[in-house]
Number of protein chains: 2
Amino acid sequence: MKKRVYEDGCATAHALDLVGERWALLVMRELLLGPKRFSDLRASLPGISANVLTQRLENLEAASIVRRRKLPPPAAASIYELTEWGQESEELFRVIGRWAARSPQHDPQAPLSVASVVMSMRTMFSPARAGRLSGSLGFHFGREEFRATLDKGKFTIERGEVDGADVVVAGNQNALAGALYGGVPLKALEKSGALTVKGDRALFERYLTFFPLPDKAPHVDAVG
Amino acid sequence: MKKRVYEDGCATAHALDLVGERWALLVMRELLLGPKRFSDLRASLPGISANVLTQRLENLEAASIVRRRKLPPPAAASIYELTEWGQESEELFRVIGRWAARSPQHDPQAPLSVASVVMSMRTMFSPARAGRLSGSLGFHFGREEFRATLDKGKFTIERGEVDGADVVVAGNQNALAGALYGGVPLKALEKSGALTVKGDRALFERYLTFFPLPDKAPHVDAVG
DNA sequence: CGGCATCCGGGAAGATACTG
DNA sequence: CAGTATCTTCCCGGATGCCG
């Protein structure tokens, strides 16, 4: 079936046989925060065609990375989710993310998916910046809700209700990325309606400083 | 020039724009242990064609991951080497390697390159297994020499002369992989001439137990 | 809506041959 | 040795249409 296989016993080469095809890792990224349906995946991966998504899901399932599950009636839809081993790839995404953030060509302001922003916070969180702060934050993007917790400096964020959080941030995920990584002032985002903040605003303003980007690597020109 | 770009601000997507093309990561893997020439790369990447290698090297250079350097006369050859940032991707290879080693479909016995075997030792070394042992080992594969050091349980391996090591292992890298990961008895490898051991043989026999493979993840069949 | 099948155009990958 | 040139094959991306 799959013909273009590296015939190489190296584990890295094997990984590329499994997840090296175009879109495969991005499909996995979208599933890191929980199961999704076919159309959810399509919506959060602008540019992928149904055709290709079907094939990637088949290959990832054959590789035991993704599992397909039919929900019981009445919601008789099927969902795709990472297997336990697939979920273990999260570390891989964090390492890739930290490495790629140093790329001279990376523009942290380009549009990104909800899963990307949430994963970026898991990736870039700096315990040193957070000190021993505690508090809870809710994030609301479209129909997706996430709950972040700071517990004496320990950080987690996952899917969960925003209700009851010390501060609830709602709006567009790109706006949050702009505030986190692009230095866009919070006031400007609120003024334009891209983001609304309800609750402990001071907590959120401190929170925004906990995710420093690494320095860019120098761009190297061709050497004669 | 490059047309198929994920238009996605996520750092992972950017990484895939840089190194997501076929062969790109394997080219980087071959450079992790030091500079190589074009034909060295070709020889250690069975299956890559010259034009693809040329294009990957161009793209990696444009991404500031690889640098091309012309050696001064008389050895007026050009070599390719990782930039400092490119070298930082080593962590990525170790994480990928550990993750992929758990793949139900991974066969650790398949043929692999010299760089792969050496990197696999960096990846799989278990400090718990090594205790506080000290000693030095030399590895000789074809024209490539590596020096491994155990210093009170701290492990390093890099290019370097085998002379002066407590034990020198020479022969075929696949044979070493078989002894490390495939449970092939050392005696059998020596008998067949695939591996020769000179010096502190007991040290090498202990060394062979310091690189345990992780458990395989369960293979999941389709669920109805 | 949630997929899968099919076709089509373009472009990347693979094989081979060739040149400085 | 270090690549280019050329040709073929196959994958990707888009569109459409079918079926539950």
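**Protein surfaces facing the DNA**

At least two residues of the surface near DNA strand D are supplied by each of the following elements: α4 of chain A, and α3 (38-44), α4 and β3 (78-82) of chain B. The largest contribution to the surface near DNA strand D is that of α4(B), which provides three residues. The model under discussion is a predicted one.

In total, 18 residues surround DNA strand D. Those that approach closest are drawn from both chains: A:Arg22, A:Asn51 and A:Arg56 on one side of the list, B:Ser39 and B:Arg68 on the other. Sorted by class, the surface near DNA strand D comprises five nonpolar, seven polar and six charged residues.

Which part of DNA strand D, sugar or phosphate on the one hand or bases on the other, supplies the atoms within 4 Å of the protein? Sugar or phosphate accounts for 71% of these atoms, and bases account for the rest. In chain A, a polar side-chain atom of A:Arg56 is placed 2.6 Å from a phosphate oxygen of DNA strand D. In chain B, an N or O atom in the side chain of B:Arg68 lies 2.5 Å from a phosphate oxygen of DNA strand D, and for the side chain of B:Tyr80 the corresponding distance is 2.9 Å.

Attention now turns to the other strand. Around DNA strand C there are 20 residues, of which A:Ser39, B:Arg22, B:Trp23, B:Asn51 and B:Arg56 come nearest. The surface near DNA strand C consists of four nonpolar, eight polar and eight charged residues. Of the atoms of DNA strand C within 4 Å of the protein, 77% are part of sugar or phosphate, while the remainder belong to bases.

Both chains also reach the phosphates of DNA strand C. From chain A, a polar side-chain atom of A:Arg68 is 2.9 Å from a phosphate oxygen of DNA strand C, and an N or O atom in the side chain of A:Thr54 is 3.3 Å from one. The elements giving two or more residues to the surface near DNA strand C are α3 (38-44), α4 (50-62) and β3 (78-82) of chain A, together with α4 (50-62) of chain B. The largest share, four residues, comes from α4(B).

Terms used
Residues numbered from 1 in each chain as written. Chains lettered and ligands numbered in written order. Predicted model: local features only at pLDDT ≥ 70, side-chain atom pairs only at ≥ 80, totals over all residues. Heavy atoms only, no water. Near = heavy atom within 4 Å. Polar contact = N/O pair within 3.5 Å; in protein donor to acceptor, adjacent residues only side chain to side chain. Nonpolar A, V, L, I, M, F, W, Y, C, P; charged D, E, K, R; others polar.
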